[in-house]
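Open the model in your viewer and keep the selection tool at hand. We will go from stop to stop.

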Amino acid sequence: MREQLFEKLESAYEDMVVIRRHLHMNPELSFKEKNTAQYIYNFYAELGIEVQQGVGGNGVVARVSGGRPGKTVALRADFDALPIQDEKDVPYKSTVPGVMHACGHDGHTATLLQLAKAFHELQEDLTGEYVFIHQHAEEYAPGGAISMIEDGCLDGVDVIFGTHLWSLTPSGTIEYLTGPVMAAADRFDIIIQGAGGHGAAPHQTKDAIVIGAQLVMNLQQLVSRRVNPIDSAVLSIGSFVAQNAFNVIADSATLGGTVRTFNPKIRDLMEREMKRVIDGTALANDCTIDFEYVRGYPAVVNHEAETEFLKTVAESILNVESVVESTPQMGGEDFAYYLEKVPGTFFFTGAKPEHPYPHHHPKFDFDESAMLLAAKTLGAAAIDYQK
């Protein structure tokens, strides 16, 4: 059955590329993916595959039932884009100003669509049921996974597999990891209300920029002085805004950033210690500081048995050149919610192009041939799981 599947996927590769490039040229932001969702739905409807749209929002779920009863395997791909201007000089460059697929979600979608088509063509010879989850809004919390789960996309599912095309890992490589593989991703906003004034009379003010600078330095010490070195945590200030004329001391300043952790106890510690530092800084400077900590996705924690199974499957695929244990990534992924509900694993498919850029970069791209390897690995895992 594997050989038949692989032959169909190889024949469909050019169509896979066409779909990926169409999506790349027509990206849509998280929670606004109306046209993309309709494109996915139409693809299935035209093939006569059972499909449901509007799942948990813009999600689309298709199902293919084999000719023999068996387990229910879910495969997931995301399809939202990012608010980034595409700076690549390629024929399939984004046509939407300020929006681009800078994380490979277009490739994930093209991969899953062609994989589902191949399963549909082979369905009489298949065992079990296969659920193809096309998820919206992975990039922006609360994300699309949790609402799709609440709307029933995992009902009856025994196991779930997902992959991420990875632009900095060589093509031909499958990376796997048991346990925490991607971090919990939280964000925070800090608003400092001081007392502005003339730049020549700082003693009459409460300088919001100086207070903010104190906060930046003090918060950086939380990881180095509050977190056990054996554990992992990241605290990054990504925004510091206090726009004024050159001779005006800032009345207010706004800071924003992110916290990444794997351990729930460390996650609690970081939120608690941040509040303590911020409250102390406000007291010391006799000012008001508002602090909002928003919890995003939990950590992606791969199940041991399913991860070892995936590793074995990948090692048996001819086109896979290497199967390696990856290191945990501090990036976030709402695939975490699926793994909280059913067993499964999330792995990385190497997709390093000739001129690689990191994910979320304006010139991001990936080696499109990696889509075929991702499809084969997901497809083989889905079939072999029935044994």
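A residue counts as buried when its relative accessible area is under 20%, and as exposed when that area is over 50%; between the two it is partly exposed. Keep this in mind, and remember that the model is predicted.

**Stop 1: a buried ring**

Select F161. Is F161 buried or exposed? Its relative accessibility is 0%, so F161 counts as buried.

A pair of aromatic rings is described by the distance of the centres and the angle of the planes. For F161 and F309 the centres are 6.0 Å apart and the planes meet at 35°, so this pair is tilted. Colour the chain by secondary structure. F161 belongs to strand β5, residues 159-166, while F309 sits in helix α8, residues 304-315. The two are 148 residues apart, and the pair links distant parts of the chain.

How are the rings of F309 and Y385 arranged, and what is the angle between the planes? The pair is edge-to-face, with 80° between the planes and 5.5 Å from centre to centre. Here too, distant parts of the chain are linked: F309 in helix α8 and Y385 in the segment after α10 (369-384) are 76 residues apart. Y385 has 16% relative accessibility, so Y385 counts as buried.

**Stop 2: a cluster of rings**

Select W166, F335, Y338, F346 and F348 together. Ring pairs link these residues into a cluster. The count of aromatic pairs comes to 13.

**Stop 3: inside a strand**

Go to A62. This residue is found in strand β2, residues 59-65. At 0% relative accessibility, A62 is buried, since the cut-off is 20%. Which residues is A62 in contact with, leaving aside neighbours within four places in sequence? They are Y44, I49, E50, V51, Y130, V131 and F132. Pick out I49 from that list. I49 and A62 are 13 residues apart in sequence, and their C-alpha atoms are 6.9 Å apart in space.

**Stop 4: backbone exceptions**

Most residues other than glycine have a negative phi, and most peptide bonds are trans.

- Select A141 and P142. The peptide bond from A141 to P142 is cis, with omega near 15°. P142 lies in the loop between β4 (127-135) and α5 (145-150).
- Select F31. Its phi is positive, about 70°, although F31 is not a glycine. Look for F31 in the loop between α2 (13-25) and α3 (34-47). F31 is partly exposed, with a relative accessible area of 37%.
- Select H360. Here phi is about 75°, again positive, and H360 is not a glycine. H360 is in the loop between β16 (344-350) and α10. At 40% relative accessibility, H360 counts as partly exposed.

**Stop 5: the whole chain**

Zoom out and show the cartoon. How many helices and strands are there in the protein chain? There are ten helices and 16 strands. The C-alpha atoms fill a box of roughly 80 × 45 × 40 Å, taken along the principal axes. A compact globule of 387 residues would have a radius of gyration near 21 Å; the chain has 23 Å, which agrees.

Buried residues make up 54% of the 387 residues. Among contacts between residues at least 6 apart in sequence, 82% join residues at least 24 apart.

The chain exposes about 16600 Å², and carbon and sulfur atoms supply 51% of that. Last, colour by charge. The chain has 30 positive and 52 negative charges, and their mean positions are 4 Å apart.

How values were computed:
Residues are numbered from 1 along each chain as its sequence is written. This is a predicted model: local features need pLDDT of at least 70, side-chain atom pairs count only at pLDDT 80 or more; totals for chains, interfaces and linings use all residues. Side-chain values use heavy atoms; hydrogens and water are left out. Helices (H or I, at least four residues) and strands (E, at least two) are DSSP runs, numbered from the N terminus. The radius of gyration is taken over C-alpha atoms; the globule rule is 2.2 Å times the number of residues to the power 0.38. Buried means under 20% relative accessible area, exposed over 50%, partly exposed in between (1.4 Å probe, protein chains only). Contact means heavy atoms within 4.5 Å. Accessible areas come from the Shrake-Rupley method with a 1.4 Å probe; for residues, only the protein chains shown count as cover. Lys and Arg count as positive and Asp and Glu as negative; His and the chain ends are not counted. The place of a charge is taken as NZ of Lys, CZ of Arg, CG of Asp or CD of Glu. Rings of Phe, Tyr and Trp (its six-membered ring) pair if their centres lie within 6.5 Å; planes under 30 degrees apart count as stacked, over 60 as edge-to-face and the rest as tilted.
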